[in-house]
Amino acid sequence: MDAALCAAIAIFATFPSAIGEAWVCTVAINGMSRNPDMYSKLRTSLILSCSLVETTAIYSFVIAILVLFVG
């Protein structure tokens, strides 16, 4: 039971990650709509930012799997 609770707590770290990724995408799309000439620069920054934000969710998932199956 303790392992399941620890895994659930680790998975809850994905919610702020999802909110952060949505915020990054919203701001980038807003910038693209305001200044279409910066589309390529903003797209590159958007992809990099989303990948950095997504690593938090991936790490949380890996920790949850490790807690469930190893510990």
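This is a predicted model: local features need pLDDT of at least 70, side-chain atom pairs count only at pLDDT 80 or more; totals for chains, interfaces and linings use all residues.
Guide: Helices (H or I, at least four residues) and strands (E, at least two) are DSSP runs, numbered from the N terminus. Residues are numbered from 1 along each chain as its sequence is written, and side-chain values use heavy atoms, with hydrogens and water left out.

Visitor: What makes phenylalanine 12 count as exposed?

Guide: Its relative accessible area is 53%. Exposed means over 50%, buried under 20% and partly exposed in between, with a 1.4 Å probe and protein chains only, so phenylalanine 12 is exposed. Its C-alpha lies 21 Å from that of serine 49, which is 37 residues away in sequence.

Visitor: How many helices and strands does the protein have?

Guide: There are three helices and zero strands, and the pattern along the sequence reads α-α-α.

Visitor: Why are α2 and α3 called roughly antiparallel?

Guide: Two packed helices are described by the angle between their axes and the distance between the axes. Helix α2 (residues 14-34) and helix α3 (residues 39-69) have axes that come within 9 Å and cross at roughly 175°. The axes are lines fitted to C-alpha atoms, for helices over the stretch in contact, and angles run from 0 to 180 degrees between N-to-C directions. Under 35 degrees counts as roughly parallel, over 145 as roughly antiparallel, 65 to 115 as roughly perpendicular and the rest as oblique. The pair is therefore roughly antiparallel.

Visitor: Which residues of α2 and α3 meet?

Guide: Among them are Ser17, Gly20, Glu21 and Val24 in α2, and Arg43, Leu46, Cys50 and Glu54 in α3. By class, this contact has 10 nonpolar, seven polar and three charged residues. Here Ala, Val, Leu, Ile, Met, Phe, Trp, Tyr, Cys and Pro count as nonpolar, Asp, Glu, Lys and Arg as charged, and the others, Gly among them, as polar.

Visitor: What makes serine 17 count as buried?

Guide: Serine 17, in helix α2, has a relative accessible area of 6%, so it is buried. Leaving aside neighbours within four places in sequence, serine 17 is in contact (heavy atoms within 4.5 Å) with Val53, Glu54, Thr56 and Ala57.

Visitor: And why is glutamate 54 called partly exposed?

Guide: Glutamate 54, in helix α3, has 30% relative accessibility, so it counts as partly exposed. Its C-alpha is 6.5 Å from that of serine 17, 37 residues away in sequence. Not counting residues up to four places away in sequence, glutamate 54 touches Ser17 and Glu21. Glycine 20, in helix α2, is also partly exposed, at 22%, as is arginine 43, at 37%.

Visitor: Which residues make up the largest nonpolar core?

Guide: Five residues do: Val24, Ala28, Met32, Leu46 and Cys50. A nonpolar core is a set of buried Ala, Val, Leu, Ile, Met, Phe, Trp, Tyr and Cys residues joined through side-chain atoms within 4.5 Å. Helices α2 and α3 each supply at least two residues of this core, and α2 gives the most, with three. Not counting residues up to four places away in sequence, cysteine 50 touches Glu21, Val24 and Cys25.

Visitor: What makes α1 roughly antiparallel to α3?

Guide: Helix α1 (residues 2-11) packs on α3 at an angle of about 175°, with the axes 8 Å apart, so α1 is roughly antiparallel to α3. The contact includes Ala3, Cys6 and Ala10 of α1 and Phe61, Ile63 and Leu68 of α3. By class, this contact has 11 nonpolar, one polar and no charged residues.
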